[in-house]
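Welcome, and thanks for taking a look. Please open the structure below, and we can walk through a helix packing and some aromatic pairs together.

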Amino acid sequence: MSVLTRDEAQTRAQLLDVQHYRVDLDLTTGDETFESTSLIRFTARAAGDTFVELKPETLHSAHLDDEPLDVSGLDGNRLPLHLGEGEHVLRISTTMRYSRTGEGMHRFADPSDGESYVYTQLFMEDVQRVFAAFDQPDLKAVFELTVTAPEGWTVLANGITRQEPDGRWRSAATPPLSTYFVCVAAGPWHSVRTEHAGLPFGIHCRRSLAPHLDADADEILAVTKACYDRFHEKFDEPYPFDSYDQAFVPEFNAGAMENPGLVTFRDEFVFRSAVTVTERQTRAMVIAHEMAHMWFGDLVTLRWWDDIWLNESFAEYMGYQTVNEACSDLFPDTWVDFGVTRKAWGYEADQRPSTHPVAPDPEAVPDTASALLNFDGISYAKGASALRQLVTWLGEKDFLAGINIHFKRHKFGNATLADFIDNLAAATDRDVHAWAEQWLRTTGVDTLTPALTGEGLHWRLTVDRDGSRPHRVAAGLYDRDPSGDLVLRERRELDVPQTEPAELTGPRPALVVLNDQDLTYAKLRFDEASAESALRGLSRIPDALTRAVIWNALRDMVRDGDLAPADYLAVALAHLTEETELALVQGVLGFARTQIADRYVTEEERPAALSTIRQIARALLRRTEDGEAPGLRLTAVRALIDSATTPDQIASWLDEGTVHGGPELDPELRWRILARLAVLGATDEPTIAAELERDPSATGQEGAARCRAGLPTPEAKAAAWSALFDTDDLSNYLFTATAQGFWQPEQAELVRAYVPRFYPAATALGARRGAAMAEAAGRYAFPSHAVDQDSLTLGERHLAADDMIPALHRKLVDQLDDLRRALAVRQG
């Protein structure tokens, strides 16, 4: 199959003006394939040759202006077209294959009740798996869809759908859309419908999840309405589509997708087990993120994929900011969660060899395969951080004014980075173009370190910068009061680089925190006195966002070899047990468990690391015995389960169906315990099968796959490996669950022989099953537990010698760099 190049897209955009698609889908022809017919109306501005893309199971016929085309001319995914100048009608009839990998038209059979569901994910090149199209973002057109669906199904699409007398479903015509935004979701959905601002709103899920969606419907709809209203306060352009549906769909590869009028979400966001308020906040942020795309991404779309950050960075920033503004009664600390989860993702991505500018040069994204690699922590988290810094520098009034100019000039069209910067510049007298060059066209993370000179009541604060970007930061100056608390004396705004030192009056601050309130994107270090105060008094700092900034600095110091992993754990033990902000507890425990305990400490040091994590979790359990902090208690229970080194306590919880003092075990906790017991060799296949009979749902199937792959026997590992790499029977989610269970630090000797087998197996899998499964293999099936020089050398040799698809190559570059870093941390 040929990938589309930027040059080809530019040539085709100059030749064609595409006006209208009529797409007819028949979903009643079986479980493996469906019928698809495209009728495309377009104009050729001159005579010339081009092509239309499709990836059919069978191409039945193609007609251009009622004249048949030779279907044997289909070359991979391209059907050649020889055009005269003027208007044309292209009609293509195909049989298409359903996907089991979350790409194209994904089909899912719910094991809970046997009902089937289908939905589309057409991003990048996957529209070609569903219907023929001129597949590039700057050839927007109006879409009308008709769908023949089994009796009892409901069909959702970008526009309002109605069932015709002949039984077919017809969607209303859309405004001009890029091809990758077209969406259909069909099945016996459970729906909750309402109206807001004169538009129909709906939320939808599988029937088996109906009780759980109903339980959360008020919150989901309240967040949706609040964000909708807030965006209308910010943006001059009204919401541009005829309805707003949100479908929670099974086995979805992303968190969500911003299809206009029909946003699709992974249906794990329909919580069937207890979750924390931070996890609910994440769902709210994703709702806001996808709604922001209705303007930035859908109304105004990138011209080519080098500007994907314009979509994702904007939506990421707006998602957090809008939830922070519109839903503060439910979620008061949104930016804390961003700081300890999303921002850490950006920092890590930006320090790998695969880093790239937020806005890469066009030459760096020559085709769609390379574009797919840029959906990472840089395009999302670093880009959002850069926009937050831009708002700090410009002021929100001028920022929003520039955004509204952008929407007005380019609505229902396409725009580039140059357009965006020009539109921002039209709203301010600041040099936005220079800012963009320094922030968006560079890579890496600056490091900021404070230095204090003076004596008595007169001090000078200077900021040393290792890097090249300008920063506007707040320096928090903290004094220690008689009780030992660190109290804010003042928060001083500074521009870095400084023209002159900041003059301070009063005694030397006990603690200087650069980037207090987390308004820029940079790694932080401390002067010697501040480092001592931070390590000793972290839990005595009143502001959660300041504590997040310090925890992030400590995380970076561990990763850079400036703080020993054991010292980080000691700080966590000293302060996390008193922490009140749940996002911080979850972030610190997650880093401690998955990075420090599993990678950064040696095999001999690992039991002590796990013991410290259990100490923290037990202290949190004691703090929450009164039932006042259920989310904190749930987090502690999860940490105790995941860090157990002996089975007795967690096995007794499973037998009794409850943790002593609560909570009672829901399906998520039962599968979590059983997975850990499997790793410890304290359960068996009959027990797993019995649990699956108790919970036969889709997540139950995944839990069972994870447990079976985690059993410490040669037979279990051989069966799991075969399921992963010898056959292609596993769906994307079952593949991920099996991979998550397979590699375990406790079983390093048992799986040692599989480490060299991973590289050729993953390469072959990627070639057979495509980018989504290759990315899953690189992320979840990589032997990340094997932190040794032999594993690194093996991976580097394979990476240099083997020809693999770009998605897998990028993932392995990142994994090997993380392995290299872990080795350096271990070696001190």
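Axes here are lines fitted to C-alpha atoms, for helices over the stretch in contact, and angles run from 0 to 180 degrees between N-to-C directions. Please keep in mind that this is a predicted model.

## Helix 9 against helix 10

Helix 9 (residues 417-425) packs with helix 10 (residues 432-440) at about 135°, and their axes are 9 Å apart. Angles over 145 degrees would count as roughly antiparallel and 65 to 115 as roughly perpendicular, so the two helices, helix 9 and helix 10, are oblique to each other. Their crossing is right-handed.

Which residues meet here? From helix 9 come Leu 417, Ile 421, Asp 422, Leu 424 and Ala 425, and they meet Val 432, His 433, Ala 436 and Leu 440 of helix 10. Sorted by class, this contact has seven nonpolar residues, one polar and one charged.

## A stacked aromatic pair

Searching the whole structure gives 51 aromatic pairs. In one of them, the ring centres of Tyr 21 and Phe 143 are 4.5 Å apart and the planes are at 10°, so the pair is stacked.

Tyr 21 belongs to strand 1 (residues 16-26) and Phe 143 to strand 10 (residues 142-148), so the pair ties together parts 122 residues apart in sequence. Tyr 21 is buried, at 0% relative accessible area, and Phe 143 is buried, also at 0%.

## A tilted aromatic pair

Phe 201 and Tyr 244 form a tilted pair, with 5.7 Å centre to centre and 45° between the planes. This pair links distant parts of the chain, 43 residues apart: Phe 201 is in strand 16 (residues 199-205) and Tyr 244 in strand 17 (residues 244-249).

Buried or exposed? Phe 201 counts as buried at 2% relative accessibility, and Tyr 244 is buried at 0%.

Methods: Residues are numbered from 1 along each chain as its sequence is written. This is a predicted model: local features need pLDDT of at least 70, side-chain atom pairs count only at pLDDT 80 or more; totals for chains, interfaces and linings use all residues. Side-chain values use heavy atoms; hydrogens and water are left out. Helices (H or I, at least four residues) and strands (E, at least two) are DSSP runs, numbered from the N terminus. Angles under 35 degrees count as roughly parallel, over 145 as roughly antiparallel, 65 to 115 as roughly perpendicular and the rest as oblique. A crossing is left-handed if the near helix is turned anticlockwise from the far one by less than a right angle, and right-handed if clockwise. Contact means heavy atoms within 4.5 Å. Ala, Val, Leu, Ile, Met, Phe, Trp, Tyr, Cys and Pro count as nonpolar, Asp, Glu, Lys and Arg as charged, and the others, Gly among them, as polar. Rings of Phe, Tyr and Trp (its six-membered ring) pair if their centres lie within 6.5 Å; planes under 30 degrees apart count as stacked, over 60 as edge-to-face and the rest as tilted. Buried means under 20% relative accessible area, exposed over 50%, partly exposed in between (1.4 Å probe, protein chains only).
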